[in-house]
Amino acid sequence: MCHQSVGLVARAAEEAGISTIAMSSALDITQAVKPPRAVYVNFPLGHQTGKPHQRELQRAILLDAFKALETMTIPGQIVTLPYVWDHDGQGWEDGEFRPGYLPAYTRSES
Amino acid sequence: MSPVAYIPRTRDLYPDYPPYRWVVNEDAPWTPLKAPLAECKVALLSTGGIHTSDQTPFHSRDDTTYREIPRDVDFKDLCVSHFGYITDDARADPNCVFPLERMRELQTDGIIGELANPAYSMMGGIYSSRRVRDQLAPAIVDLLVQREVDVLLLVPA
């Protein structure tokens with residue numbers, strides 16, 4: 001849901017005259033909401049701008065996001081950044097956002 | 001590895017509810033950069049539920065409040081309250097979803113002209129897209145415009 005909220009705020013800011021760059025780790029949601037510019041990083045949720053205490057990785061991701069801001073020209077485009085979460089291939093994707101990902105993760109209607 | 005498909009996985013997490021209707025847009029607004037980045041005032045916004053220890057935590061789903069985080073905050077004073085992602089690493093190092101310390105460095109290094117003060121934080125797990133669009137986004141955008149922000153970086157959790 002964060003990704004949809006980011007997209008909506010980005011669009012509102014862009015309409016108000018602010019240039020925006022939205023980050024994403026959920027490509028399908030970002031494709032749907034269509035922020036003006038987005039960069040996609042294939043990392044688990046909660047790690048959009050890197051791994052804890054890895055300053056160089058965090059900085060590199062941000063620099064790539066700003067480079068995209070400066071060079072993108074097509075509204076709604078998403079640029080994929082080449083970062084790999086886990087070179088040992090332990091398959092974090094399998095458990096991501098499946099039942100059991102979060103304890104007591106229930107959607108409240110109220 | 002192909003990207004994780006969050007839309008079907010979200011549906012599978014809530015089999016007893018009608019499928020969530022994600023916002024789908026056909027095109028996007030556009031404001032070209034008016035100046036080189038090194039001359040721009042850049043604001044950071046995170047939807048990871050970051051707040052300071054003396055601010056009210058985000059309470060639950062559909063919390064459409066936001067927090068202003070001082071640019072020079074001591075990271076030891078930051079907390080995370082969010083129901084929608086595993087927050088362990090964000091608690092250990094908030095830069096994972098709220099890269100304010102890295103942004104300070106980009107300002108010092110002259111990559112960005114100025115890091116806006118404050119930074120902005122919200123809890124992105126808001127099911128009502130209408131409330132985001134009609135309440136939360138305008139409130140934040142009004143502040144950004146008043147404060148003459150040129151560029152906004154948005155980081156979801």
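Helices (H or I, at least four residues) and strands (E, at least two) are DSSP runs, numbered from the N terminus. This is a predicted model, in which local features need pLDDT of at least 70 and side-chain atom pairs count only at pLDDT 80 or more, while totals for chains, interfaces and linings use all residues. Residues are numbered from 1 along each chain as its sequence is written, chains are lettered from A and ligands numbered from 1 in the order in which they are written, and side-chain values use heavy atoms, leaving out hydrogens and water.

**Stop 1: chain A.** Select chain A and color it by secondary structure. You'll find four helices and three strands, and walking along the sequence gives α-β-α-β-α-β-α. The C-alpha trace of chain A spans about 40 × 40 × 20 Å along its principal axes. Of the 110 residues in chain A, 62% are buried (under 20% relative accessible area, with a 1.4 Å probe and protein chains only).

**Stop 2: H1 of chain A against H4 of chain B.** Select residues 2-15 of chain A and 129-146 of chain B. The axes of these helices are 9 Å apart and pack at an angle of about 50° (axes are lines fitted to C-alpha atoms over the stretch in contact, and angles run from 0 to 180 degrees between N-to-C directions). That makes H1(A) oblique to H4(B); angles under 35 degrees count as roughly parallel, over 145 as roughly antiparallel, 65 to 115 as roughly perpendicular and the rest as oblique. Show side chains: on H1(A), look for residues including Leu8(A), Val9(A) and Ala12(A), which meet H4(B) residues, among them Val132(B), Ala137(B) and Val141(B) (contact means heavy atoms within 4.5 Å). What kinds of residues make up the contact of H1(A) with H4(B)? Seven are nonpolar, three polar and one charged (Ala, Val, Leu, Ile, Met, Phe, Trp, Tyr, Cys and Pro count as nonpolar, Asp, Glu, Lys and Arg as charged, and the others, Gly among them, as polar).

**Stop 3: the two H3 helices.** Next, pick residues 55-71 of chain A and 100-108 of chain B. Here the axes come within 10 Å and cross at roughly 65°. That makes H3(A) roughly perpendicular to H3(B). In the contact of H3(A) with H3(B), five residues are nonpolar, one is polar and four are charged. Finish on the side chains: Arg55(A), Arg59(A) and Phe66(A) are among those on H3(A) that meet H3(B), where the partners include Met103(B) and Glu105(B).

Methods:
Buried < 20%, exposed > 50% of the residue type's maximum accessible area, 1.4 Å probe, protein only.
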